[in-house]
Each structure stands twice: as structure tokens, then as C-alpha cells.
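Please brief me on the charged pairs in this model and on one of its helices. Keep it short, and group the points by topic.

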Amino acid sequence: KDQSRDVRLAAVNTLLRVVNSGREEAISAMGDCLEDSDHRVRAAACEALPQLSSVFDNRLITQAMDRMSSIHAVVREVAVKVLASVTTRGSPVVIEGMCKAVGDVDPQVKTTAMVELTKQVDSGNADVIQLIVEQLRDPRPNVRRTAASCLESLVVKGDKVALLSIFGVMDDPGKDQYGHLAVQVSALRALQIIAAQETRDTFSPRTEAKMFSSIVDKITSPDWCVR
């Protein structure tokens with residue numbers, strides 16, 4: 001609680017070294033640090049908290065879940081990261097928490113949750129794919145860009161549901177920090193997976209023609225990444 005950020009940061013790092021694993025007071029204190037006003041202290045606490053006990057300690061999960069509804073977006077984003085680190089991959093509690101966070105109003109929380117959720121499930125998870133697909137309609141370019149990128153890892157061959165949504169962002173103007181049409185690039189990569197050669201028979205001639213046309217149109221794109 002010291003007013004100096006450096007002192008609070010040092011306290012987080014020291015606490016991790018000197019306390020015994022599983023100590024209640026340390027877990028509670030580190031949880032409070034997830035709400036610190038300084039991003040470096042929050043980041044240090046985010047990294048330290050999982051080390052204070054074993055994976056799937058309900059006390060650690062509670063510390064993360066309690067902060068998923070914080071009024072501060074930066075705290076909710078940290079909570080998403082902590083939740084992913086204190087549970088095992090694919091656990092229902094983490095997937096449920098991530099799915100709720102994908103619906104967050106803050107774009108940074110939303111994008112972080114999408115990335116973490118994608119890591120938690122196997123390719124072809126229909127519920128998660130549908131949730132990510134819905135984010136392609138978000139008005140914010142960074143959200144659409146992250147959603148398209150996540151779909152690269154989630155879609156499977158012949159996924160007709162995702163295919164229709166990918167068609168919808170083939171002309172998306174969303175760019176990355178380098179000025180490249182990142183949404184279009186990710187959409188094309190996802191399309192490549194869905195429309196693998198061995199799945200061609202699963203699509204109607206009309207859909208095949210649309211896929212072909214979509215790809216051909218991008219050959220003349222002004223963005224070399226798209227081409």
C-alpha cells in the first residue's frame with residue numbers, strides 16, 4: 001500500500017521469494033496487487049500469483065474470478081490472464097470465464113480473452129468458433145483483427161459456418177500496426193484451411209465459385225501481405 005510504485009513492486013517480488021507456498025495471507029495480498037494503479041505492479045502480481053500455490057487451487061481461481069467484474073478494464077484484463085495461468089488447459093471454469101470476458105465492452109479485455117480462449121480449446125470447437133465469429137461484426141478494427149487471427153487456429157477443414165463469416169470480412173479495411181490489411185490476411189489463411197483440397201466435394205458449386213472469386217480478387221490487392 002506504499003505510495004511509491006517501486007516499493008510496491010519490490011514488495012511483490014520479495015513476497016514471492018520469502019513466503020511458503022499456499023499461505024493464505026500471501027495469496028490475498030497478491031490478489032489485491034492485481035488492482036494496483038501501476039501496470040508494472042499488476043503485471044508482477046499476475047506472474048507471481050500462480051506461483052503461490054498449486055494449479056487449480058480454488059483460492060487462486062477466486063482471486064481471478066472476483067476481479068473479472070471489476071469496474072476497471074485494466075484489472076479485468078489482468079484477471080483474464082491470471083485465470084488462464086491458475087487452471088489447467090480446457091478446464092470448464094476457465095472456458096466459462098473466458099467466454100464471458102469475450103463479451104466485455106472493453107476492446108483490450110475482449111481481445112485478450114479471445115486469444116486466451118483460443119489457447120484453451122482444440123480446433124473445431126463449434127461453440128467457441130461461433131463466439132469468435134460474432135466478434136467479426138465488432139465496429140472496432142482491433143477486435144475484428146484479433147477474431148480473424150484466432151479463427152486461423154480454430155477452424156477445421158470443411159467448416160461451412162465459419163466460411164460464411166469469413167466471406168463477410170474479405171474486404172475488411174482493418175489494419176495492423178504496420179499498416180497491413182491484417183483482417184483480410186487472417187481471413188485468407190482461415191479460408192485456406194477450410195477449403196483444403198480434400199474437402200472440395202463438401203461445398204456447392206456456387207460456394208466454390210465464391211471462394212475462387214474471393215481469392216482471385218485479392219491477387220491485385222495493394223497490400224503485398226494480402227497478395
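Asp 172 and Arg 144 join their side chains in a salt bridge, at 2.6 Å from N to O. This pair links distant parts of the chain, 28 residues apart. The model is a predicted one. Its salt bridges number eleven.

**Asp 172 and Arg 144**
- Asp 172 sits in the loop between α10 and α11.
- Arg 144 belongs to helix α9, which covers residues 141-154.
- Asp 172 has 7% relative accessibility, so it counts as buried, the cut-off being under 20%.
- Arg 144 is buried as well, because its relative accessible area is 10%.

**Arg 76 and Asp 104**
- A second salt bridge brings together the side chains of Arg 76 and Asp 104, at 2.7 Å from N to O.
- Arg 76 lies in helix α5 (residues 73-85) and Asp 104 in the loop between α6 (92-102) and α7 (107-120), so the bridge ties together parts that are 28 residues apart in sequence.
- Arg 76 counts as buried because its relative accessibility is 10%.
- Asp 104 counts as buried too, at 13% relative accessibility.

**Glu 116 and Lys 119**
- The side chains of Glu 116 and Lys 119 also form a salt bridge, with an N to O distance of 3.8 Å.
- That distance qualifies because the rule asks for a side-chain nitrogen within 4 Å of a carboxyl oxygen.
- Both residues are in helix α7.
- They are three residues apart there, so about one helical turn separates them.
- Glu 116 is buried, with a relative accessible area of 14%.

**Helix α12: length**
- Helix α12 runs over residues 205-218, which makes 14 residues.
- At 1.5 Å a residue, α12 should span 20 Å.
- The end C-alpha atoms of α12 are 20 Å apart, which agrees with that expectation.

- Which residues of α12 are buried? They are Met 211, Ser 214 and Lys 218.
- Seen down the axis of α12, these buried residues fall within an arc of 65 degrees, so they line one face of the helix.
- What do the buried residues of α12 pack against? Their partners are α10 (160-167) and α11 (182-194).
- The face turned away from the buried side carries exposed residues: Pro 205, Arg 206 and Phe 212.

Key: Residues numbered from 1 in each chain as written. Predicted model: local features only at pLDDT ≥ 70, side-chain atom pairs only at ≥ 80, totals over all residues. Heavy atoms only, no water. Helix = DSSP H or I, 4+ residues; strand = E, 2+ residues; numbered from the N terminus. Expected span 1.5 Å × (residues − 1). Buried < 20%, exposed > 50% of the residue type's maximum accessible area, 1.4 Å probe, protein only. Arc of directions from axis to C-beta. Contact = heavy atoms within 4.5 Å.
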